[in-house]
Amino acid sequence: MTKTPNAKSIIAKKRDGGALDKGEIEAFVHGAVNGQVPDYQVTAWLMAVYFQGMTAEETAEFTRTMIGTGEFLPRVSEHPLPVDKHSTGGVGDKISFLVAPLVAAAGGIVPMISGRSLGHTGGTLDKLETIPGLRTNLSTAEFMSCVRQTGLCISGQSDQMVPADRLFYSLRDAASIVESIPLITASILSKKVAEGAGALVLDVKYGRGAFMPDRERARTLALSLTRTSALLGQRVRAYLTDMDRVLGRTAGNAIEIVESVRSLREGPDATSPDLRELTLALGAGMLELSGASVDDRSARRALTEAWTSGAGLQKLRSMVEWLGGDVATIDDLSRLPSSSHQLLVESPVEGVFAGLAARDVGDWITESGGGRLRTSDVIDPGIGVEVLVDVGEAIGRGEPALRLHLTSKPEDAAAMTARAARWIEVADRPRGPWVTETIDPEV
Ligand code: URA
C-alpha cells in the first residue's frame, strides 16, 4: 500500500505553482481513491491544478497513476494496434457508429469506451442503447471478448476501470472546475489507455455546438492530448473540426441511429457531405496509425470499399448481436423508439443551406427531454431534429427545411416552429472543409 500522503504540503506545492513528482502524484491519487485524503482536500488540490496547470510530464504521470487505480486491459494485438477515436462532443455527432464498424471491416481492431450525454452535447451510449435489448454495461472481460470476437466494441466504462476518474470528475463538476486542460486530458486519456488502445484519433471540436467553442482553446486541448498520449506510448493524431452546425441530417438519440444505419446500408454517396468527409478523414487516420493501412490513400480506399460493399453494416450487426441487441432492428428501423408528433419547419430565408445552429438545437433537445442536465436525468430517446436539406443545397423561402420529432403534443406548436426556424442558416457559398487542422504530437 502507498504511504499516507502529506496532502497539505502537496496541495500547497501545487497552489504555489510547483511541479509535483511521481511519488507525490502517486501518494495523492491513491490516497484520494482509498479515502485517506478526504474529498475537501482532493477538491482543493483539483482547484490548485485548475489555476496553476501541470507540465506535460506531470499530466502524463497523473494519467498513468489514475489508470493504475483500476483494471486496465492489455492490447489485444500489436499489429495492427487496437485503435480508438474520441470526440470531444457535439450535436448530431454519430461518427462512432460509422467509423468503428467501417474501420473494423477494413482490418482494424476498435475498442471504444464511450460516454453519455450531458448538457447540449449528445452521448454515444444513450444513442446505442435505443436499440432494444442492447446493453453497454459490460465487465472488462466481456468488453475484451467482444473486441476479440467481432473486431469492435462500443461500451461504457466499467466500475473497475479508472475509479479515480469518476471521483475526480464528480468533484470537478461540483466545484465548477471541469474546464481545466490537464484535468480534461487525464480524464479522457486514462480511459483510452486503460481500454487497451495502442493508437488514438482525437476529434477535437470547436464552434457553437462544441464543448469548447473557442478554436484556440480547442487547439490547446488538442496539443495537450496528443503530447500526453504520445508520452503514454500511444500513436496519436488530433483533428480540429468545425462544430458550428449540426453534423449530418439528424440530432437526437434513436434518430441518429436511423441515419447511421441508413448510411452504412446505402453507402457514402447517399450520406450527407459533412458526415462523409469526417468519417473518411477520421477513419483513414485510425487505419494509418494502427498500421492496418500503409497510407491515407489506401486507408480511404479500404473504408470506401467496406462502406459500399455493406461489410461495415455487417460489422455493426455483429456488435449489436454481441451486446444483446435486437439485430432485426438493423433491417427494420421502425423497431427503434420514435416520435408521436412531428412539426414541419419551413425556411424563412433563401440561399445555400449552411446547416442548423448546433448549440440552439442541442439546447432544444435537452430542454425537450432528449438530453441530460444532470447525470441522473432519464432521457427520452424519441426526441429529435431531422434536417431535410443537405448542406450546400439551395433552399428557397417557405420550403420545408427540418422536422421536429416530439413524443407528446407541444403546448404551443407555433412558438416552437418559430423558434426552430431561427436555427436555419444560409450562406452565399457551400460550407466546408470540416477538418480544418491536423495535429501530430510534438514530444
Ligand atoms: N470528457 C471526459 O471524459 N472528461 C472530461 O474531463 C471532459 C470531457
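Cys146 is buried, its relative accessible area being 0% (buried means under 20% relative accessible area, exposed over 50%, and partly exposed in between, with a 1.4 Å probe and protein chains only). Cys153 is likewise buried, with a relative accessible area of 0%. A disulfide is a covalent bond between the sulfur atoms of two cysteines. With a disulfide taken as a pair of cysteine sulfur atoms within 2.5 Å, a search of the whole structure finds 0 disulfides.

The model is predicted: local features need pLDDT of at least 70, side-chain atom pairs count only at pLDDT 80 or more, and totals for chains, interfaces and linings use all residues. Residues are numbered from 1 along each chain as its sequence is written, and side-chain values use heavy atoms, with hydrogens and water left out.

The protein chain contains 17 helices and 13 strands; these are DSSP runs numbered from the N terminus, helices being H or I of at least four residues and strands E of at least two. The radius of gyration is 22 Å, close to the 22 Å that the globule rule gives for 443 residues, so the chain is as compact as a globular protein of that length. This radius is taken over C-alpha atoms, and the globule rule is 2.2 Å times the number of residues to the power 0.38. The C-alpha trace spans about 70 × 45 × 40 Å along its principal axes. Of the 443 residues, 57% are buried.

An open sheet of mixed pairing is formed by 4 strands in the order 1-4-5-13, where two strands pair if DSSP finds at least two bridges between them. Strand 1 (83-87) and strand 13 (435-439) stand at the edges with a single partner strand each, so one side of each is left without a neighbour in the sheet. Strand 5 (residues 235-242) and strand 13 run antiparallel and are joined by 4 bridges; Thr241 has Val435 of strand 13 as its bridge partner. Helix 12 (residues 273-290) lies across strand 1, strand 4 (199-206), strand 5 and strand 13, at about 170° to strand 5. Axes here are lines fitted to C-alpha atoms, for helices over the stretch in contact (heavy atoms within 4.5 Å), and angles run from 0 to 180 degrees between N-to-C directions.

Strand 11 (residues 400-406) is mostly covered, with 5 of its 7 residues buried. Strand 7 (residues 341-346) runs antiparallel to strand 11 and is joined to it by 6 bridges, and His341 is the bridge partner of Leu406. Strand 9 (residues 384-387) is also antiparallel to strand 11, with 4 bridges between them; here Val387 is the bridge partner of Leu402.
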